[in-house]
Amino acid sequence: MDFQVVILAGGFSSNLVPLVSKEVPKALLPVANRPVLSYVLDLLESNNLKDLIVVVEGEDAALKVGGWISSACVDRLHVEVAAVAENIGTAGALRAIAHHLTAKDILIVSGDIVSDIPPGAVAATHRRHDAVVTVMLCAQPVSGPSESGGSSGKDKTKKPACEDIVGLDSWKQFLLYIAKGTEIKKDTRVNKSILCAAGKMELRSDLMDSHIYAFKRSVLQEVLDQKPAFRSLKQDVLPYLVRTQLRSDVSSDQNNVEENGNGKDNMQNNEVVLSQILSNASLPSFHQVYESGLDSRKTHKCCVYIADESKIFVRLNSIQAFMDVNRDVIGDANHLSGYSFSAHHNIVHPSAELGSKTTVGPHCMLGEGSQVGDKCSVKRSVIGRHCRIGSNVKIVNSVVMDHATIGDGCSIQGSVICSNAQLQERATLRDCQVEAGYIVCAGGEHKGETFARR
Amino acid sequence: MGGQKKGGARVSEDAEEQSPQRLQAILLADSFATKFRPVTLERPKVLLPIVNVPMIGYTLAWLEYAGIEEVFVFCCAHAIQIIEYLEKSEWYSHPNLVVRTIESHKSISAGDALRYMYEQQAETSQIQGDFVLVSGDTVSNMPLADLIQEHRERKKKDEKAIMTMAIKQSKSSSLTHQSRLGTDQLFIAVDPLTKQLLHYEEDKIDHPRGSVCLDKSLLESNPSVLVSNDMQDCYIDICSPEVLSLFEDNFDYQHLRRHFVKGVLVDDIMGYKIFTHEIHSSYAARIDNFRSYDTVSKDIIQRWTYPYVPDINFSGNRPLKLGRQGIYRACDAVLSRSADVGASSVIGYGTKIGDGVKILNSVIGNGCSIGSNVVIEGSYIWNNVTIEDGCEIRNAIVCDGVKIRAGAVLEPGVVLSFNVVVGRDFVVPAYSKVSLLQQPTTEDSDEELEYADSSSGTADHLSGLNLQMESKASELGPDGAGYIWEVCEGAHDEEWKHSVAPIPKDKLAEITQAIDDDDTDDESVVPTSGELKSDADSINTDMNDPNDDYCYFEKEVEGTVLRAVEENIKVDLVTLEINGLRLSYNMESADCAGATFYSMMKLAVDTPHNSASELYKNAASIITKWKELLGFYVKKIDEQIEVIMKFEEMCQEPPKELGPLFTQILHLLYDKDVLQEDAILRWAEEKAGADETDKVYLKQCETFIQWLKEASEEEDEDDEDEEDDD
């Protein structure tokens, strides 16, 4: 397949502070003790997409990510790591790596996805329609985090209704409209000319853009060149392409030229469409019909691939999402993790040591070389490698990263303890985040706090 | 015993529940529109023949077939004629269908008619439950029983579901944005699961472009909304009794769709809901204008409306004989051997057709006589029409009793009303409407109102008619009779849209061109997504884009100023209004100054002018007249500078007519004390550091500024002199 894959792995995302740090860029955040990027790489590999460019914001982060990649999968995949400046947006990042892009079509995947939807299907759809862009859509999570996550799920349940608004044609093949729900002030304005050409448009607010796109390279680069103000693929480039699909001014590549060649004069083009209609071989898309009705009109196609509802799709773009992903991967969506689970639905590494009367419940994970003291209780939590956990510790719904130290009598609920952090005796944390290397004093009771050095 | 009785009682109860209510319909035998004028001045629209049967005949026959048991025919204009027809055609004594007429001459709209029904209802309670609401110009063969059942079941579950409307797929042309029936394109939004109607928008031709606005809450409450453009409203509604009371409550509801449906959709206090029902295989269409008359006629001839086709007896018509190629011929029609009757034509009883006549795609009524070598194409000739030798008729409607003298030509789109006589060799120009009645001179702009007026006045008109006819020379040749109606203003461009004639090719090309032009503008007008925002400033997280707001504000101010100029409103009233706008849009006083000045200059540019000097005169007169208004907002230097900047901006806008006049107008503003010299000088200073491209206007008025500077220095010197004097 002449597809190049670009993974936009981000850098030190600000809304994941304090989980990310100079040592741990977003792409390397552990999900069930594996960097989140590894899920994306596995997903692509399973779809036989092996020619990858990982784009990382910032040199430092790029070095870190590059180091991990070369250690983890250099033998299986052909991966290039490209560093781009920070805060230039997704469109800016693509502009910066333009010289790397050579293939006819480009698949762009966000680096923070944990999912089992097949990107290969997007590529296939893209090719089938000879589209300019194909967007993967998936069902929007109906009610934020599932009931088990007793932690702060309120902000999510409040607004799931209108994340993205997409307009599809009646066969759900083409993308006719896209807007971010939060950006719409009062009215959704649907362009009449597109609506007229398509006849029907189904506006869906229960679908979500999954940040997996296939672009025609020539078109993408042309748009990026022509519109230097475009910063974001999702907010600028994609809506622009969707909006202009009936009066395309992006020049087409060879393939399209050929098409235009045989339809040079309108009459002939008309005949082509007509014969297609008559033979009923395949119904012409409304684009073609529209084109044939008007002289000197060019159109381009924006397609969608709608993922099956049963597929799992999560983006690691907030602390809440981080918690949810960790919980899901060792819980309901455990086929993603690649681990084999014990009879108790948990994973305890053979080298981990458990004290007496310590229980590790289902949907838990205990990393290599970790020690847990006596009379501890671990429920629905992920504990990293080489952690030292004292006695009488309770850990529920939490993530404890590698090399963390937790003193006796601590109680941790719904919290994230980053690597090398230390919790002194009898600290009680609830819905807290502890930065890497931070030391939480003994005996304190904390709720909803963020511990980080300023 | 007791048990038995109980059982019996229950049975009867059940029976009551199960026995379907009488199926009732309200048929509006008046369209409350003027689209069929001048024909409808003399005969009500529902009695106009379509393929030789009055429209209402189709509607009644369909209602009867669909199982309706009682029809209330609401008569308004020409009520007597309708009642006469019903009597004559024996609808009154039909065994299965009870036809009752209700007469009201005061009603001027469908809303009034339904309000009248409601008032009657209070006395007689004729309407017992759900009813079908149709107009008398509907041609359909759709079954209604299922639809009514569906409506009732829905109503049982949801008290608020008061109406179900029938829609049918029909793709409107991508060029004219007009359906096959000649109606405006329709945008509806429906919940794909429940079929609830969420949005209804009929697109007027005036705003063919732009976007459909759906309320955000609509999408929040419905995960999926189907917006369609390829649906056609059949104007067949199943209504619950609440509909009548809603009309009573909202006395301003006139039009069934524009007011009632919109009103119900917008009003969320009552929470009433309207549902849609898409019909697939059956036919339904309403004859709304001449184009739909043509379309429906063709559909009838092509038998889409079976069993309501010319060769089957319904509604008291005399069936014709169907030949090959869709030619229907009466058995006693006399055709010359050399006459050529082409496909899809209808020839009525007692019609005589002479030698060498060519007829194609046309309907010819009863008792017509057509001379030799006549060409009739795509036309509708009603009853008792006389056409003499050598006439040519293309895409025209010719009403009863018309005489077309030898050699006359009807160009496409002509409508000849009753008894008109076209003179020898006269060519009736395309799209003209001809009637023996003079066009009513007092054109009421509200189209809803006209129809009713005319009905009362018709009789008088007719009596005085003959006198007028003889005294006045005819507009249709020396031996003709009839007036060619003037096309009323504004409607001129739309004449071709609603005519029986197909849209001419050059018109289509024109529209295509227009679309192309529009498209390029389109983008700047409709920023569909957040792109504009991120283009302007990506860090800007403000939800309300200030640019956007300013545009709206400017438009509003422009409208206000325009109105003020037109109606000569006092300055302080205008300031009051603009101040109101300023507060509601949260604008600065400087913005007001800019916007006011902008609208004044725009007015000047929009006033027709031939040369730059005329434009200057326009501007000068407007500025002189409204300087007080402007003066109100330009008290501070900053505001004055804003005005100059705005002016500069305007000069840049195409067609750049104002550009050359920059200095002159600036001078004028200075003379009229709108701008102080300080402001102009400060503007010049600010601009001095700008790009070369920005300095065009600064350079233009260099001498003026120089003069100002010198003047002020002199003044200073004068002051000093004075001081010295002291």
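Mentor: Chain B has 22 helices and 36 strands. Keep in mind that this is a predicted model. The chain runs to 726 residues, and 52% of them are buried. Take the contacts in chain B with a separation of 6 or more: 60% of them join residues 24 or more positions apart. The accessible surface of chain B is about 33,800 Å². Carbon and sulfur atoms supply 50% of that area.

Now the empty space. Rolling a probe the size of a water molecule over the atoms shows where such space is left. The structure as a whole holds seven cavities of 30 Å³ or more. The top contributor is β13(B), with four residues.

From the inside, go to an exposed site. N373(B) sits in the loop between β24 (369-370) and β25 (375-377) of chain B. Its relative accessibility is 52%, so N373(B) counts as exposed; the cut-off is over 50%. N373(B) still has contacts beyond its sequence neighbours. Setting aside residues within four places in sequence, N373(B) touches D355(B), G356(B), V357(B), G390(B) and C391(B). G354(B) is 19 residues from N373(B) in sequence, with 7.3 Å between their C-alpha atoms.

The backbone deserves a check too. Most residues other than glycine have a negative phi, and most peptide bonds are trans. The R37(B) to P38(B) peptide bond is cis, with omega near 0 degrees. P38(B) belongs to the loop between β1 (24-28) and β2 (49-50) of chain B. The bond from Y306(B) to P307(B) is cis as well, with omega near 10 degrees. P307(B) is in the loop between α9 (290-301) and β16 (321-322) of chain B.

For phi, turn to H78(B). H78(B) is not a glycine, yet its phi is positive, at about 55 degrees. H78(B) lies in the loop between β4 (70-75) and α3 (79-88) of chain B. Its relative accessible area is 11%, so H78(B) is buried; the limit is under 20%. A32(A), not a glycine either, has a positive phi of about 50 degrees. The loop between β2 (30-31) and β3 (34-35) of chain A holds A32(A). A32(A) is buried, at 0% relative accessible area.

Last, the rings. Over all chains there are 21 aromatic pairs. A reference pair comes from chain A. F230(A) and Y240(A) have ring centres 5.5 Å apart and planes at 65 degrees, so they pair edge-to-face; the cut-off for that class is over 60. F230(A) is in the loop between α7 (217-226) and α8 (233-243) of chain A, while Y240(A) is in helix α8 of chain A, 10 residues apart. Both F230(A) and Y240(A) are buried. Back in chain B, F662(B) and W683(B) make a tilted pair, with 5.8 Å between centres and 40 degrees between planes. F662(B) is in helix α19 (residues 662-671) of chain B and W683(B) in helix α20 (residues 677-688) of chain B, so this pair ties together parts 21 residues apart in sequence. F662(B) and W683(B) are both buried.

Chain B also has a ring cluster. Ring pairs join F36(B), F290(B), Y293(B), Y380(B), W382(B) and F418(B). Charges meet rings in chain B too. The charged end of R318(B) sits over the ring of Y349(B), 3.7 Å from the ring centre. K160(B) places its charged end over the ring of Y272(B), at 5.1 Å from the centre.

Notes
Residues are numbered from 1 along each chain as its sequence is written. Chains are lettered from A and ligands numbered from 1 in the order in which they are written. This is a predicted model: local features need pLDDT of at least 70, side-chain atom pairs count only at pLDDT 80 or more; totals for chains, interfaces and linings use all residues. Side-chain values use heavy atoms; hydrogens and water are left out. Rings of Phe, Tyr and Trp (its six-membered ring) pair if their centres lie within 6.5 Å; planes under 30 degrees apart count as stacked, over 60 as edge-to-face and the rest as tilted. Helices (H or I, at least four residues) and strands (E, at least two) are DSSP runs, numbered from the N terminus. Buried means under 20% relative accessible area, exposed over 50%, partly exposed in between (1.4 Å probe, protein chains only). A charge sits over a ring if NZ of Lys or CZ of Arg is within 6 Å of the ring centre and within 35 degrees of the ring normal. Contact means heavy atoms within 4.5 Å. Accessible areas come from the Shrake-Rupley method with a 1.4 Å probe; for residues, only the protein chains shown count as cover. On a 1 Å grid over the protein atoms alone, a cavity is a set of points where a 1.4 Å probe fits but cannot get out, and a pocket is an open set with protein on both sides within 12 Å along at least five of seven lines; lining residues have an atom within 4 Å of a point. Grid points are joined across faces, edges and corners, and a volume is the space filled by probe spheres set on the points.
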